[in-house]
Amino acid sequence: MLLLLAAAASHGLLQSPGGLSVVECAARRSIGETAERIRSATTAELLRKGRAGQTVLHVLVGYLASFKAGDISHLETWANPGDTTRYRHDLTNRLSQTIDPLVAEVLQKAPELSNTANSAGATPLHMCALVGAQRVTRLLLDAGASPLARSNERRTPIDEAMRMGQTELLVMMMHALSGRTRQDQEELAAQFASLPGSPLIPALLRDAGLRHLPRAPPRRDPPPTAAPGRHATCAEGGGWDVAREPTEEARAACDIDQRDPSLTTDEYMRDYFSKGRPVLIRGAVPLADRCGLARGVGLMQHAQQVQSSCGRTAYPSLTGQGFCGKFSYLDLNTHPACNDKGRTLPICVGKPGKGSANINASSSLWKQLPARFRYEPEVAPMPVLQGAWVAAGAHQLFAGGNGSGAALHFHSAAYNAVFFGVKHWLLTPPRYAGISGAASTVWRDRHAPRDLPSGAGMPFRCVQGPGDMVVVPSHWGHATINDAFSIGIGDLFCDSLLSSLISDVRCNHPFVAMQAQPPVQRLADLWSNLTGHPPAGMLAAKQLFSVRGRGGGSAPVGVGGWKTSGAPRNGAARGGRTGGSAGGRAPIERRNLRAADALLEGGRPHGRPVHERPLGASVHAPGLIGTPPPVKSPAYTRPWGPPPFGAGGAPKPVPQPPAAGCARGAANYSTVAFVHVNKAGGTMMRAALLANARHQLLETGAAEAMAKLRTVGARFFHASGALQQWAVGHSAWAKAYKFALVRNPWSRQVSMFHFLLQKAGCQRHPRPPDCDQRFLPEVGPWLNDPIVSRTRFREWIVAMHAAFPPGHMNQHLFGSKSHGNNHNPWFNASQISWMVDAAGSLLVDDVFKLEELSSAWPILQSRICGLQRMSYEDSTHSINRNPSSHGHYSLYYDDRTRKIVGDYMRADLDAFGYRFELAADAG
């Protein structure tokens, strides 16, 4: 027995009474709860490892990780975005103030953790070099951490500090060495910094008192000769108004190496990838392969005329800005400016997989490109990159006129290929990466001289000509400026070094194997703890909808309720709609507003910070039907779409003429929006609306709104309230009557299980990838056996909980396919997340329970004149009150699975008053 207990302890299987070990608590719970757990932990508890061999110190340092500009962009408001730049390093060390005391406490109890490696061989000091945590580095070194510990990739913390350009950390690590060892490491660092394009800067080594060497001149290979046998179908320039190809004199000013396409994989891995150096590959894409984006060629004949939203930066919302106008490729070719006050020069970026061939939906254009540039996640577009390539991330098509460009930002490793045109690059090592709301020319001329160390030669500069490819290492800051019109493609990718270091095959989520919250939520948690209030903008929404509910697990949305714009505290519905008419049952009362309002107004309901509120003792358990595969990011996984309307037994609507007094413009007429929550009776409700009130629906004839929804992979069918409001505009949304149906969460989950297996394609061969992503069992005769089907259902719930626990970036998969709604970060498994905005405000006027729809029918008739001639009794063939044919839902649950669903749907239970009913109670 003692041996078994010892083995369990060594694998982290012994847990606290609260249900989680220290390292699991650190990975999954808030910083406040983690602090309490660390303070009460024994040395033995602190030494236990989690999945992938992570220790509590790995997780604490990982709190500070930011892998893309969007992770940090909304922690503070952008009062003057056009003249504001924020740097990753500054924010990291500001947030580190919350982590430092916890690291010190852990090291005081268990100093041996300073040198404890995870399964990748990385110590906490390796992680510090990755994120740039200065004070934590000092604490680790004082506790005896070795700067020369080698990971499985044979890399030391010093190697990682050099690769990230972390001079301050490198100095601390050097001071921890002595004698010949220190001399050897200083010599290696000096040689490393002397390489052109090295992230380590010789002038900064000199200023720090370390050995340094002058930087060698960059290598510049001659231009490649045209590949034999390749005949282009277009001329250079592609018919666009492009600048002349850079001269050799202009190229000589480049600060990074320019190699020809003969660069081998071994050379790239040794000289550039392992050292974190950017490189330009001249003529990487021959003209014959670029003609698919030439003016007037093939599908471009249509795409070049379609206008789409563009802005000062590639993704203006990240810096609190909006799009400045709509432009087509032909418009951009004339080098336009927006009509805003600043005469913004627009840059347009689109991604494939979004529908028709336009700037923001450019799938069709990729069909004209060589196969190597199409969306093959595990295949690099050039053999030279294959050794570093793990998986593709976002695939992008960019275009802009003279002077436009992508503002300073950072992300995972990427390549960028100009097809036609000339582009100027500005690059900073990861230590100086950041995000700017200013145009690239403003950052170059005003911000960089002010913000970057003088005499350091930053930012690095280079000019990219047609057919050239720039390969940017992970976390490098970069901005671009177009010289005349330019168009091309780029791809973010997860590289093998970062993937190994953080144990994530997608390079965006450390500790993904432990079901930890993603970086964007962790950083928001640290910000709330540091400042005493939730972060602004998008991260405020993420924090709000990850708040814990009343004892019993994470509440996906709100704090047992929601905030309504202008709603009084007594729970009266906005707009005066507090009840029904003609004896009808009132919509669900808005309840429990106080905690949600307090969160929005100050972040401290019940007098305690959000992160310190108690969480239920929900225990994670491994799935019973296999080990979950790596979770795919929504950026490159398109969920298996719902069947077309009318499929699966739903009657196709037969439109009826408007009822008397209900024609457009009549006194009783109003527009209508229905938020169709999945598996809550919505398909049948929608059938009734389309048959009797089609002329009232906001979506009728709204071609522009439909096109907007398609850009995010959505449509009105199953679009959330937030997406519909965005598509039709706030004014049209405010004038409409808006409502939603909800259903008992436990019943809804059972219905969803059977629907996914029988009507969503999982019975087909080959199965859609969505079925395996959501751990659905193979369809078979067992579906007709109530005992077996209930057992499989419980196994499915446990497996989904293990893969997508509350707070997980993809936790909506527990409760719904995305239907494009995960475009909004607060969308999750709960039903209420379908009908609120980023601030937690309810976007609908009425919410009806499906189970009580018969008594609420008169209210709907009073709100929607098209339904007035349709009694509830007459509508039962269209509105199925209980579509399930598999018995009462309670028969499917045991205590464990009942609690799991309750934890996910805590906000629904609090808001709508649902409870778990036994079959006898319901009958």
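Me: Which hand does the disulfide of Cys234 and Cys291 have, and why?
Reply: This is a predicted model. The torsion about the S-S bond of Cys234 and Cys291 is about -85°, so the disulfide is left-handed. Cys234 sits in the loop between α12 (202–207) and α13 (248–251), and Cys291 in the loop between β3 (279–281) and α15 (300–303), so the pair ties together parts 57 residues apart in sequence.

Me: How far apart are the sulfur atoms of Cys234 and Cys291?
Reply: They are 2.0 Å apart.

Me: Is Cys234 buried or exposed? And Cys291?
Reply: Cys234 is buried, at 15% relative accessibility. The cut-off for buried is under 20%. Cys291 is buried too, at 3%.

Me: How many disulfides does the count come to?
Reply: The count comes to 5.

Me: What about Cys310, which residue does a disulfide join to it?
Reply: Cys348, with 1.8 Å from S to S. Cys310 lies in strand β4 (residues 308–310) and Cys348 in strand β6 (residues 347–350), so this pair ties together parts 38 residues apart in sequence.

Me: Is the link of Cys310 and Cys348 left-handed or right-handed?
Reply: Right-handed, with 100° about the S-S bond. Cys310 is buried at 1% relative accessibility, and Cys348 is buried at 1%.

Me: Switching to Cys324 and Cys338. How far apart are their sulfur atoms?
Reply: 1.9 Å, and the two form a disulfide. Cys324 is in the loop between β4 and β5 (325–327), and Cys338 in the loop between α16 (329–332) and β6, so the pair ties together parts 14 residues apart in sequence. Both Cys324 and Cys338 are buried.

Notes
Residues numbered from 1 in each chain as written. Predicted model: local features only at pLDDT ≥ 70, side-chain atom pairs only at ≥ 80, totals over all residues. Heavy atoms only, no water. Disulfide = S-S within 2.5 Å. Helix = DSSP H or I, 4+ residues; strand = E, 2+ residues; numbered from the N terminus. Buried < 20%, exposed > 50% of the residue type's maximum accessible area, 1.4 Å probe, protein only.
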